[in-house]
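Please look through the sequence and the model shown below.

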Amino acid sequence: MSAPTAVLLGVGTGLGPALARRFGREGHRVALVARDHDRLAALAGELAGEGVEAEPFTADLSHPAEVPDLVERVRARFGRIDVVVCAPLDLSGFTPAAELTPQVAGRLVDLYYLTPVAVVRAVLGELRERGGGSVLIAQSVSATHPAPRLSGIGPAMAATRNYAQSLFAEVARHGVHVATLQIGGMITGSAVHAALRSGAITPDVDFPELDPAEVAEALWRSHTERDRPYGRIPALG
């Protein structure tokens, strides 16, 4: 039997590489998905040097209609899909509620809600037939704790969290795990981290710094423990 495949959607410079290494360490082949092919190819080369089989796939995740083709390209390369981790990023989501436009809101709903729905539609049949696998969604704590200047991503992610919890209850009996992980900090090395440090975005919230390896570990635990449809990092005391 071929090795399992993890599909990482929205691979940036922070969490994505950490996820690739965490799942790769457990014997998963890794599909790296984002818009910047050159950066993904460079990361795939680094991972190959560490013994992780990885392949770059260029896609614009703000277009849900492109998801079925992306999934088929991954299947053509690896033969199977076992885990999908959705962790896309759009910095325009750091938007004050008073300034949010329908155009921006629509784009963020496409990226943070409709694309995960499209992903589930594309992979659920395979996972259910095999009786295993996970769809994991990394999102901001603003999905449940609204905050000033985070009104773009929060509502879209709240819809996804609602959807994921319903889906968890429906597909767990088939051996399929669906969960969200709410991230309550800025992941070091990420585009958000860089934007906050430079002042390019200025949310009215203080974010602790988080090690990307720790966030990747939390997502790995969700995949292996499979006991609930949500998690949070840092955990609430």
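Is the crossing of α3 and α4 right-handed or left-handed? The crossing of α3 and α4 is right-handed. A crossing is left-handed if the near helix is turned anticlockwise from the far one by less than a right angle, and right-handed if clockwise. This is a predicted model, in which local features need pLDDT of at least 70 and side-chain atom pairs count only at pLDDT 80 or more, while totals for chains, interfaces and linings use all residues. Residues are numbered from 1 along each chain as its sequence is written, and side-chain values use heavy atoms, with hydrogens and water left out.

The helices and strands are DSSP runs, numbered from the N terminus (helices H or I, at least four residues; strands E, at least two). Two packed helices are described by the angle between their axes and the distance between the axes. Axes are lines fitted to C-alpha atoms, for helices over the stretch in contact, and angles run from 0 to 180 degrees between N-to-C directions. For helix α3 (residues 67-78) and α4, the angle is about 40° and the axes are 9 Å apart. The two helices α3 and α4 are therefore oblique to each other. The cut-offs are these: angles under 35 degrees count as roughly parallel, over 145 as roughly antiparallel, 65 to 115 as roughly perpendicular and the rest as oblique.

On the α3 side, Val67, Val71 and Arg75 make the contact, and they meet Thr115, Ala118, Val119, Ala122, Val123 and Glu126 in α4. Contact means heavy atoms within 4.5 Å. The residues of this contact of α3 with α4 divide into six nonpolar, one polar and two charged. Here Ala, Val, Leu, Ile, Met, Phe, Trp, Tyr, Cys and Pro count as nonpolar, Asp, Glu, Lys and Arg as charged, and the others, Gly among them, as polar.

The crossing of α1 past α2 is right-handed. Pro17, Ala20 and Arg21 of α1 make the contact with Leu43, Glu46 and Leu47 of α2. These residues of α1 and α2 divide into four nonpolar, no polar and two charged.

Next comes the sheet. Seven strands form an open sheet with parallel pairing, in the order β3-β2-β1-β4-β5-β6-β9. Two strands pair if DSSP finds at least two bridges between them. The edges are held by β3 (54-58) and β9 (230-233), each with a single partner strand, so one side of each is left without a neighbour in the sheet. From one strand to the next, the twist averages 20°.

Strand β1 (residues 5-9) is joined to strand β4 (residues 83-86) by four bridges, and the two run parallel. Alanine 6 stands opposite valine 83 in β4. Helix α4 (residues 102-130) packs on the sheet, touching β1, β4 and β5 (134-140), and its direction makes about 160° with that of β5. With strand β2 (residues 29-34), β1 pairs in the parallel sense over five bridges, and leucine 9 stands opposite valine 33 in β2.

In a regular strand the side chains alternate between the two faces of the sheet. In β1, Thr5, Val7 and Leu9 point one way and Ala6 and Leu8 the other way, and all are buried. Buried means under 20% relative accessible area, exposed over 50%, partly exposed in between (1.4 Å probe, protein chains only).

Further along the sheet, β5 and β6 pair in the parallel sense over seven bridges, with glutamine 139 opposite glutamine 182 in β6. Seven of the seven residues of β6 are buried. Helix α5 (residues 153-171) lies across β5, β6 (177-183) and β9, running at about 150° to β6.

Some single residues remain. Serine 142 lies in the loop between β5 and α5, and at 4% relative accessibility serine 142 counts as buried. Not counting residues up to four places away in sequence, serine 142 touches Leu150, Ile153 and Gly154.

Most residues other than glycine have a negative phi, and most peptide bonds are trans. Arginine 226 has a positive phi of about 60° although it is not a glycine. Arginine 226 lies in the loop between α7 (212-225) and β9. A cis peptide bond, with omega about -5°, joins isoleucine 233 and proline 234.
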